[in-house]
Amino acid sequence: MEFLTNEKLTIVGAAGMIGSNMAQTALMMGLTPNLCLYDPYGPGLEGVAEEMFHCAFEGASITYTSDIKEALSGASYVISSGGAPRKQGMTREDLLKGNCEIAEQLGKDIKTYCPDVKHVVIIFNPADLTGLVTLLHSGLKPSQLTTLAALDSTRLQSALAKEFGVQQSKVENCHTYGGHGEQMAVFASKAVVDGKPFAELLGTSLPLVRWEEIKGNVIQGGKKIIELRGRSSFQSPSYVSVEMIAAAMGGKKFTWPAGCYVNTASYKNVMMAMPTVIDAEGVHYTDVEGTADEMAALDASYRHLCKMRDEIIELGIIPAVADWKTLNPNL
C-alpha cells in the first residue's frame, strides 16, 4: 500500500468514537503507516488498537499509549478529539471551561514534546476556543493549526441538496463562516444548485420562510444528530478532520472553510471559519465576501467569539490579548 508520508501521525482521544473512526479512516485513506493512538483511558484505547490490528491494514505500524510524552514525541501531525463530548441538551459553548483547560494542557504538551510538529487539527468543542487556547500555549504559527468548522458547510450543502432533490456535489459555493456554534453565519448568496444561481431560486422555487427554516436546521445540525442517535456525531467529524490533515501532509487540498487564527482590520485575535485552503504549507485564508445581511451575521458571530474569548481570559486560561506575544511570539 502506498502512503502519503511515513511521518508520525498522533490521534489524541483515540479511545472515543471520533478518535477511533479517525484512526480507521486515516489508514483506509493511506495517510501514513506510522500511526500512534493516545488516550488516558487505557482499556478503551487498547480495544481500539486491537480493532485496528484486526483490520490487517497492509504496511501499517500502529502503536498506542496512555503516556502523552510517548504519544507526541516525534509527531509531525496531530489530530485531537480529546475533550468531553457534547451531550443532549448541551450547546458547544456549554463545554467551554473544562475543554479549554484540556486544550491548555495539550498546547503545553505540544510545545514540550513535539515543537517541530507540522500541523495540528483540533476537533473538540467549542473548537473556536479550544483551538485558540491550543495555539497560544503551543507556540505554533497560525498556519500550523486549524479547527473543524467545515461540518457546518457540509450540512448546509446537504440540506440544499435534499431540498432541491439533487446530488449533494451539485450544490456548490455554500458556506458558513465565523463561529462553529449557535452564532455561525450562513453564506449562500453565491451558491449554485445544479448549475442554477441560488439567488434566482430564493423567493421562487425556495420560499423565504423555508430558507429561514433550513438555515435554522443547519445551525442546529449537531443537536439533531444527538437527538437521532443519542450521542454526538462522530463519523462526519472523523472523516472531514482526516481530510484536513491529509491536505497538510501534501494530499488533495482541503477547500471547505476551516477554523483558523484571524487577525485582520475587521476581525482581530480570534479563531474562526474563513474561506481557507489547507495544503502542505499549512492553512491560508482570504477575506469573506457576501451580501450586507450575510456580513452583518458574520459581524454578530465575531462579537460572540470575542465574548467567549474574553470569558476564558477572565478564567485565567489565556492571558489578556496584549500579552499573547509573550506566550506565543508567532502571534
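Where is the place of S238 in this structure? Working from a predicted model, you'll find S238 in helix 10, which covers residues 235-248. At 0% relative accessibility, S238 counts as buried. Leaving out residues up to four places away in sequence, S238 touches M17, I18, N21 and M22.

## Helix 1 and what sits on it

Helix 1 runs over residues 17-28. Helix 1 has 12 residues, and the distance from its first C-alpha to its last is 16 Å, close to the 16 Å expected at 1.5 Å a residue. Most of helix 1 is covered, with nine of its 12 residues buried. The buried ones are I18, G19, S20, N21, M22, A23, T25, A26 and L27. What covers them includes strand 1 (8-12), strand 2 (34-38), helix 2 (42-55), strand 3 (61-65), strand 4 and helix 10. After helix 1 comes G30, and its phi is positive, near 70°.

Now for the pairing with helix 10. The axes of helix 1 and helix 10 come within 8 Å and cross at roughly 45°, so the two helices are oblique to each other. Their crossing is right-handed. On the helix 1 side, the residues that meet helix 10 are M17, I18, N21, M22, T25 and A26. Helix 10 brings Q235, P237, S238, Y239, S241 and V242. By class, the contact of helix 1 with helix 10 divides into seven nonpolar, five polar and no charged residues.

If you're wondering about the spacing of contacts like these, here is the general rule. An α-helix has 3.6 residues a turn, so residues three or four places apart point the same way.

Helix 4 takes up residues 96-113. Its 18 residues should span 26 Å at 1.5 Å a residue, and its end C-alpha atoms are 25 Å apart, which agrees. The buried residues of helix 4 are L96, N99, C100, A103, E104, L106, G107, D109 and I110. Among the elements covering them are helix 3 (68-72), strand 4 (75-80), strand 5 (119-122), helix 5 (127-138) and helix 11 (292-314).

How do helix 4 and helix 5 lie relative to each other, roughly parallel or roughly antiparallel? Their axes come within 7 Å and cross at roughly 30°. Angles under 35 degrees count as roughly parallel, so helix 4 is roughly parallel to helix 5. Helix 4 makes a right-handed crossing with helix 5. From helix 4, the contact uses L96, N99, C100, A103, E104, L106, G107, K108, I110 and K111. From helix 5, the partners are L129, T130, V133, T134, H137 and S138. This contact of helix 4 with helix 5 has seven nonpolar, six polar and three charged residues.

Helix 5 also packs on helix 11. The axes of helix 5 and helix 11 come within 10 Å and cross at roughly 50°, so these two helices are oblique to each other. That crossing is right-handed. Helix 5 supplies D128, L129, L132 and V133, while helix 11 supplies L305, M308, R309 and I312. Here the contact of helix 5 with helix 11 splits into six nonpolar, no polar and two charged residues.

Here are the helix pairs side by side:

| Helix pair | Axes come within | Crossing angle |
|---|---|---|
| Helix 1 and helix 10 | 8 Å | roughly 45° |
| Helix 4 and helix 5 | 7 Å | roughly 30° |
| Helix 5 and helix 11 | 10 Å | roughly 50° |

V78 is part of strand 4. At 0% relative accessibility, V78 counts as buried. Apart from neighbours within four places in sequence, V78 is in contact with L9, T10, V12, L72, V117, H119, V120, V121 and I245. The C-alpha atoms of V78 and T25 are separated by 14 Å, and the two residues are 53 residues apart along the chain.

What about C174, buried or exposed? C174 is buried, with a relative accessible area of 1%. C174 lies in the loop between strand 7 (171-172) and strand 8 (175-177). Setting aside neighbours within four places in sequence, C174 is in contact with S153, L156, Q157, L160, F187, A191 and W256.

Definitions and conventions
Residues are numbered from 1 along each chain as its sequence is written. This is a predicted model: local features need pLDDT of at least 70, side-chain atom pairs count only at pLDDT 80 or more; totals for chains, interfaces and linings use all residues. Side-chain values use heavy atoms; hydrogens and water are left out. Helices (H or I, at least four residues) and strands (E, at least two) are DSSP runs, numbered from the N terminus. Buried means under 20% relative accessible area, exposed over 50%, partly exposed in between (1.4 Å probe, protein chains only). Contact means heavy atoms within 4.5 Å. The expected span of a helix is 1.5 Å times one less than its number of residues. Axes are lines fitted to C-alpha atoms, for helices over the stretch in contact, and angles run from 0 to 180 degrees between N-to-C directions. Angles under 35 degrees count as roughly parallel, over 145 as roughly antiparallel, 65 to 115 as roughly perpendicular and the rest as oblique. A crossing is left-handed if the near helix is turned anticlockwise from the far one by less than a right angle, and right-handed if clockwise. Ala, Val, Leu, Ile, Met, Phe, Trp, Tyr, Cys and Pro count as nonpolar, Asp, Glu, Lys and Arg as charged, and the others, Gly among them, as polar.
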